[in-house]
Every structure is written in structure tokens, then in C-alpha cells.
Protein chains: 2
Amino acid sequence: MAPVLEPAMTSLAERIQQGDLRALARAATAVENRRPEALALMQELFPLTGRATLIGVTGAPGAGKSTLVDQLARVARAEGRSVGIVAVDPTSPFSGGAILGDRIRMQAHHADPGVFIRSMATRGSLGGLAAATTDLALLLDAAGRDTILVETVGVGQDEVDIARLADVTLVMLVPGMGDDVQAIKAGIMEIADVFVINKADRPGADSLERELQAMLGIMPPRDGWRPPIVRVVATEGKGAEEVLAAARRYQEAAGKRTRRAGLWAARLREMFRERLLERLPPAELEAAAEDVAARRKDPYSVINEWMERI
Amino acid sequence: MAPVLEPAMTSLAERIQQGDLRALARAATAVENRRPEALALMQELFPLTGRATLIGVTGAPGAGKSTLVDQLARVARAEGRSVGIVAVDPTSPFSGGAILGDRIRMQAHHADPGVFIRSMATRGSLGGLAAATTDLALLLDAAGRDTILVETVGVGQDEVDIARLADVTLVMLVPGMGDDVQAIKAGIMEIADVFVINKADRPGADSLERELQAMLGIMPPRDGWRPPIVRVVATEGKGAEEVLAAARRYQEAAGKRTRRAGLWAARLREMFRERLLERLPPAELEAAAEDVAARRKDPYSVINEWMERI
């Protein structure tokens, strides 16, 4: 658990533990870009992790995820807790992706060293997003951040994987987005520990809550927990305290240890998958793709050949 | 390319080529459930593929994807072409996922043997969704379907992967969904061959088109192609012909062959990844996850051990 490291690396890890922001920023960039030295660093830091509360915030685009994350950070800071924010949604104002968005407001936190913000949006289609996000959250955990907020758009397998990695997963809904409940997909229903109805002052919020209650009523409770529904108006900061309280109630109710073993199974699977793909030389992949496109080979035989070789 | 197969299997492949719907349905189920016999079948059918036009339709939930797919199928049928529909979005009425949705209307096609509909929604979080979807599209291609429509919700890496597998990718947008362009993420912008603005009779459609034009103006054309913007009112069937025409113009402009080699690189990568993960015994994964959750081991060392073993 304590591999021999060169002095420069050891000191980076030590500086991170001591709360050095520049060291943390440098390490975050190395982790984000999957650089080889990040691996040794994460191995060293890993025993320090497991203390933070990792909260995943997911929901459709326009549900108000960044605004809620912003408010949760504000509440946590007012309690004297340190915060880390990881934005995985490329449309998030945290990621600079929102065009008409409220990017300026988010920058209020930038002046506060108690809030460390990092966006994973730039990874784009490089793959390994879930693994990189996990490592970044672990890094923030090792750096002593009390509350880590991960914002991810809640549609798609990768995003469901990321949301599942959190200790507590919040699923956000808003009234009046097309067919309302159409945005609630089965996969998302299953991963929600707490439901948050945003823009709860709008017409349609009551009926959305009733529909949600009805759906929850027919689902069996998971490990004795029935996800509560918290109503908020995120732009006004209303309800953020209640959301944080509900997240903490969940953490107490769900034996942290049991849940985390399940999380680690998902994490290890994702890490393994990412490493395995590195074994495939790009030139070989391209040549095979040419052959298949021209129907000189079939793709199933190509995969069989590759599997036999490793 | 013509492996020796047992008679029953050969006859299933032959019946599929001859347009036998029951044989096609049986094969589709085998492919969807990743059954071993599906592999041999797909190997046999592969040389017959590459004739259909595979159109991917993607966009946020509520953008009207299923309604457009429904209309595109109607237009293609009126031209005398056979159609295959694969719905990957679990909220799609084709998948039975829409709760308040217009599932009934979609069932009009069920009486028409010229439209074969299959939903991949049930796979949920089983993984390998992109690979299974690709195989299903290839199966429909081998079965002689002229036009294959794949509907997938356009947020998340898996969905972007699926959209990329198509010959032509349509990206749907609607005015007035929150911050409009917020729904257009960088990844989606890059994969669009044709943009479709749905609900084009609504206020906000003009400004959405202007914003889109502005974004397209600053992007360099990809392989000499600048994605056109087609306005539709999908619920009234307005604009569906124009969408199909734009998709075909793209296919003529983009050298089919070159693009397809790129597609196959993505497909092979996904297939390889799926097969590699099968090498990891679930019991071993669980034991390792317990160790990591209890901090007896670090995850990076676990992955290193697994990599050394294979």
C-alpha cells in the first residue's frame, strides 16, 4: 500500500493532504488526462479516501442541476465544510458549456478556496469518463474535501454509471418539460436515493409530485429506503438545506459499507474496461475497420482473432 | 466467410434472407439477448449487409424523435421501401416507455409487415447496448430492409456511440426547451449530418434556427459538408419528406466507403470491449470490491493484477 516513490511525487501527495490548492489542481489535471504519473499518485492517496460524502446530482438538461449544485455548495460552506465540485455535463455552466447560461454567477465560488471546481467536459468522446470522474472524486476526498458534488446529465449509460458511483444520488425533475414523466427513465428511477422537484413554484409541480408518488408507491423499497421527494426553487436557493438533510438521512440509513462494496464492483469493472482497451493498437484497429467496411472480413471473426491473441 | 453450420442454423439465415418475419423476429431476440447462436448467424449474414441506409435519430427527451421516426417510416413506405425501426431510448413510445405518450398511434405500423419494429429498452443497464444495437441493424440490413431508423436519446456517451454508427445522423432540436441551445452539447454538434428543428410552428423556432446557423457558421465544414437545417412539425407530418431528402443528399455527398471504415473502427472497438469484460468472473469482481471498500486493497493494484494475468 506504500510503494516506493520518487521524492517529487511523494511531496505532491503530501502537499495535497495538506490542502495545497496548486498541488491539487496539478494532480486533478494529471488524473483528468489519464497521465501515467497519476496512477502512482492515486495508489498512494487511496488509503486516505472514504471520508467525504459524495453526492451525485443527475437529471435532464435544463432541470437546474448546476443551480442546485451551486446552492448545495453554498449551504455546505455556511456550515463550515469544504466542497469539491466535478461537472461532467458539458452543457453545465461549470463546464463553460452553457451558451445562454448563468456562468457568471457560478464564478462567485472561484474566489473561495473552500470550493474546488473541476469540469470533465473537455474529455468529450475520449472515453473512460466514468473512470476519470471516479479518480477525480477520490482525489478530492484524499485532499480532505468534506462534501463532493458530482453533476452529470442523467440520460445515457455512462451518466447512469457515474451517478451510481456516488454515496447518494439525487435525481432532479422539473414540471412542464414535455411529457413530464417521460424524462424519468426506468434506469434513473432505480438509482435515485432522493428525488428533487425543481421550479416547484410552477404550475404542474403538484401533479408531477403526485405522479412520482404513484410510481414510487408501486416500487418496492430498496434496502428499506423509500426515496423522499424534496421540492426546491433552486434559483432562489429555496429547499437546498432540505436536500442536503435528505441526502444525509439516506447516508445514515444505508449502511455505508455495504453500499460501497457495490459501488466498487461497478468502479473496478469500468477501470478494467478502460485499461483493456489500451491494449488495442490504433493502426491495427484502422486496418481491420477498412477490411470490414469492404466486406473482406466479418467483424465477429476479427474480434475472435483479437480475443485469441490476448 | 462461409463457415460450416448445422442445417437448422443455415435455414434460419436463409429464411431471414427470404424475408420470413418469424425467422427475423427470432433472430432479433437472439441478437438482443447476446445468445451464442446469434454470433454464428451474424457471421453468416454479414456479407449480405451494407445495402440499407441506416439513419440515426437523436435528440433530448421530448424533442419528438419517435414522432419523426414514425413519419419517416410513413414516407419510406409510400415510396415502396421496406423499413426497420430500432428504438434505443427507453422513454420512446416504440419501447412502451412513455407513460403519457402516444403509444397507440405507433401501433399503426404493427399491422404493416413492411415495418419491423424492435426496442432495445429492456437491456437497461446490462451494458453492450451499442454492440447489440449495431448487430440488430445489421440483421435488418441482411434481411433486406431498405431504410433502417435507429432512435436514441442524444445525451450520454453510449448514445453518441450509437448515433455515430449510422450512415446519416439526424439531430433533433425543439424551441423553448429551457435554455434552448443548452441541449446542444459539443459532442452532439459534431455528429450531426442533418439538423431537424421540430415544432417549427412554435414561437422561438426562428431564433433557435438563427443560433444554430451562427454556431454552424463558426464550425469548419466536415469533409466538405455543412449540415443543413430542416424545419418540421412532426405531429402533422410536415417536413418528413425534406428530412429524408436531406439524409440522402448527405449519403451521396459523403463517400459511403470512407465514412464506413470510420464507423467500423468505432464498432470494432465497442465489440472488443464487450467481449473482454466477459473474461472477468463475477465472484472475483465482488471479492475485490469488498477488499477495496474496506481499504484492504487499492483499486489500481487490483486492476494491475488482473491485467498481468491476461
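Analyst: Happy to. In this predicted model, helix 2 of chain B passes helix 3 of chain B in a left-handed crossing. Two packed helices are described by the angle between their axes and the distance between the axes. For this pair, helix 2 (residues 21-32) and helix 3 (residues 36-45) of chain B, the axes come within 8 Å and cross at roughly 120 degrees. On the helix 2 side of chain B the contact involves B:Ala27, B:Ala30 and B:Val31, and these meet B:Glu37, B:Ala38 and B:Leu41 of helix 3 of chain B.

Helix 2 of chain A gives us another packing to look at. Its axis and that of helix 6 of chain A, which spans residues 129-142, come within 9 Å and cross at roughly 160 degrees. Because of that angle, helix 2 of chain A is roughly antiparallel to helix 6 of chain A; the cut-off for this label is an angle over 145 degrees. The crossing of helix 2 with helix 6 in chain A is right-handed. Helix 2 of chain A contributes A:Ala27, A:Ala28, A:Val31 and A:Glu32 to the contact, while helix 6 of chain A contributes A:Ala132, A:Asp135, A:Leu136 and A:Leu139. Six of the residues in this contact are nonpolar, none is polar and two are charged.

For context, chain A has 13 helices and seven strands. Buried residues account for 49% of its 310 residues. If you take the contacts in chain A between residues at least 6 apart in sequence, 75% of them join residues at least 24 apart.

A:Leu212 counts as buried because it has 21 C-beta neighbours inside 10 Å, and the threshold is 20 or more. Setting aside neighbours within four places in sequence, A:Leu212 is in contact with A:Phe195 and A:Ile229. A:Phe195 is 17 residues from A:Leu212 in sequence, and their C-alpha atoms are 8.9 Å apart.

Back in chain B, helix 13 (residues 299-309) has B:Pro299, B:Tyr300, B:Val302 and B:Ile303 buried. These four lie on the same side of helix 13 of chain B, because they cover an arc of only 160 degrees around the axis. B:Glu305, B:Glu308 and B:Arg309 are exposed on the other side of helix 13 of chain B. An α-helix has 3.6 residues a turn, so residues three or four places apart point the same way.

Most residues other than glycine have a negative phi. A:Arg295 is not a glycine, yet its phi is positive, about 65 degrees. A:Arg295 sits in the loop between helix 12 (282-293) and helix 13 (299-309) of chain A, and it counts as partly exposed because it has 14 C-beta neighbours inside 10 Å. In chain B, B:Lys199 has a positive phi of about 55 degrees, again without being a glycine. B:Lys199 belongs to the loop between strand 6 (194-197) and helix 9 (205-218) of chain B. B:Lys199 is buried, with 23 other C-beta atoms within 10 Å.

Key. Residues numbered from 1 in each chain as written. Chains lettered and ligands numbered in written order. Predicted model: local features only at pLDDT ≥ 70, side-chain atom pairs only at ≥ 80, totals over all residues. Axes fitted to C-alpha atoms, helices over the stretch in contact; angles between N-to-C directions. Helix = DSSP H or I, 4+ residues; strand = E, 2+ residues; numbered from the N terminus. Parallel < 35°, antiparallel > 145°, perpendicular 65-115°, else oblique. Left-handed = near helix turned anticlockwise from the far one by under 90°. Contact = placed C-beta atoms within 7 Å. Nonpolar A, V, L, I, M, F, W, Y, C, P; charged D, E, K, R; others polar. Buried ≥ 20, exposed ≤ 12 C-beta atoms within 10 Å, placed from the backbone. Arc of directions from axis to C-beta.
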